[in-house]
Amino acid sequence: MSKTPRSAPLLPPDAGRDRPLFAVAAILVFLACLAALGAAGAWRAAEGWTAQLTDQITVQILPGEGRDADADAREAARLIANLPGVTAAEARTRAQSEALLQPWLGAAGLPDDLPVPRLIAVTVDPADPPAPGAVEALLSDLPVEVAVDDHGRWESAVRRAAAAVRYFALGLVALLTLAAAAVVAFAARASLAARWDVAQALHLVGAPDRYVTALFQGRFFWLGLKAGLAGAILAALAAAGLAYAGGAAGAVFFLPSLELGWSAAAIPAAAAMISAAIAALSARLAVAAELKARWS
Amino acid sequence: MADAPEHTRQAPAVAFDAVGMRYGRGPEVLSDLTFQLPSGSFHFLTGPSGAGKSSLLRLIYLAERQSRGLISLFGRDTALLPRAALPEIRRRIGVVFQDFRLLDHLTVFENVALPLRVAGQSRASYADDVEELLSWVGLGERIDAFPPTLSGGEQQRAAIARAVISKPELLIADEPTGNVDPAMARRILRLLAELNKLGTTILVATHDIALVRSLEAPVLEIAGGKLISAGRRAA
């Protein structure tokens, strides 16, 4: 009786020859995960930015000679608040305006005679905003100089920028996926060449092509899964590290504040399975094509 | 053994008609071969080295395609066989290679069981048959050994066991007794003869004139890629 109760694998272990491929696949998955996380971060950030832009208008009241700018700002805010489509209008004081300027002008305080514009933060109903020019028309009777900054003007630009970042990141994911598939296909052909004796012996005893391809597909599936897990875990750790390091690091790495949300955790989890599937499919196609070429 | 379809049951196992073969754009290594191996027959194939014996065998076990002429196996024209049908034909053919072609990472047991494993049979269903056959060819004690640890003769016997384990309809053996002592050679020949009695068509390529004479079987003699006699019995 044979001492081995189970059938041995038909493909022998590769004795370390798969390690470089494992490393390359893990690195590609790591980079693809970071790119996908970047795309998810850009998506989420763009949603936040555009939401803010569509419901905000800023009105500047420039101080007039001999007038109480704070009182003018309050009066303008009162008028604006009654405009259809406006949900809130809040006049900011000189102190609040000075606080906004502090990063540029320092904390030493501004001369009292410096005409600091007063700001009115206007919140509008994004579904039914005031008509364009309505705020300027409303304030045209006031004896003050007014400048209206409708943030909606920036919305399309921000959307375009966010979309560009997103598509760039998705393109990067696609390129890395293609690179991974090409590397696995190359490795599968090399593996088949190294174990041609097995493929030939199997063919001669009546194994169809799909039997041989399934062996290589299975081997590369597990390699892809293990490499994918390694790359995904590294990417998750890197993303967590960037999130912990804060927004500055996030901005550098295309991860705006890394406000990814829990749904982004699906990216590394899916990456391992996708890596395995790509490796298996790529190996299957490469080996099938090679067998057909050699035995046509 | 797989049952042949009704319409092919009486067809010759192998039929060559004006077959020629060349590798790439080289000269023809086989020319105008015409012969038949009737189903259930036993033939020897002889000829000097380089005569084309191995090429002829490669055509029969579908490792190569002819350049011209007609080859039919079990009544089916091989030129018309779709690629997907080749494995089914190959399962009906057992081959003993001169260089054995055992897989070094599999034990003797696993090597011999390979055709059954590929056919989808469970280990439990074939384990006894494999062990019995290995005992019969004198490898009962080497069942868990790996081919690199076997002698040439032991490897040859393992290769023969692998070729016959699935009781093929056609057995092709290239110098099956080349590495064994005369007693084992006789034993192997007896195994082949018994398989033949059970209905397996057998073609043995050999230089061993004594082996050819020991069995009154027709001889295909090939030289320079041409068949110079078909069906003559050894004197």
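In which helix is the place of Val164(B)?

Reply: This is a predicted model, in which local features need pLDDT of at least 70, side-chain atom pairs count only at pLDDT 80 or more, and totals for chains, interfaces and linings use all residues. Residues are numbered from 1 along each chain as its sequence is written, and chains are lettered from A and ligands numbered from 1 in the order in which they are written.

Val164(B) lies in helix H5 (residues 152-164) of chain B; helices (H or I, at least four residues) and strands (E, at least two) are DSSP runs, numbered from the N terminus. Val164(B) counts as buried because it has 25 C-beta neighbours inside 10 Å. The cut-off for buried is 20 or more other C-beta atoms within 10 Å of the residue's own, with exposed at 12 or fewer and partly exposed in between, C-beta atoms being placed from the backbone.

Apart from neighbours within four places in sequence, Val164(B) is in contact with Gly94(B), Leu171(B), Leu191(B) and Leu195(B), where contact means C-beta atoms, placed from the backbone, within 7 Å.

E6(B) runs parallel to strand E7 (residues 170-174) of chain B and is joined to it by four bridges; DSSP must find at least two bridges for strands to pair. Val95(B) has Ile172(B) as its bridge partner in E7(B).

Beyond this part, the contact between the chains takes 22 residues from chain B and 17 residues from chain A. On the side of chain A that touches chain B, helix H6 (residues 196-204) of chain A gives the most, with five residues. By class, that side has eleven nonpolar, four polar and two charged residues; Ala, Val, Leu, Ile, Met, Phe, Trp, Tyr, Cys and Pro count as nonpolar, Asp, Glu, Lys and Arg as charged, and the others, Gly among them, as polar.

As for chain A as a whole, its secondary structure comes to nine helices and four strands. Of its 296 residues, 36% count as buried. Among the contacts in chain A with a separation of 6 or more, 85% come from residues 24 or more positions apart.

How values were computed: Two residues are in contact if their C-beta atoms, placed from the backbone, lie within 7 Å.
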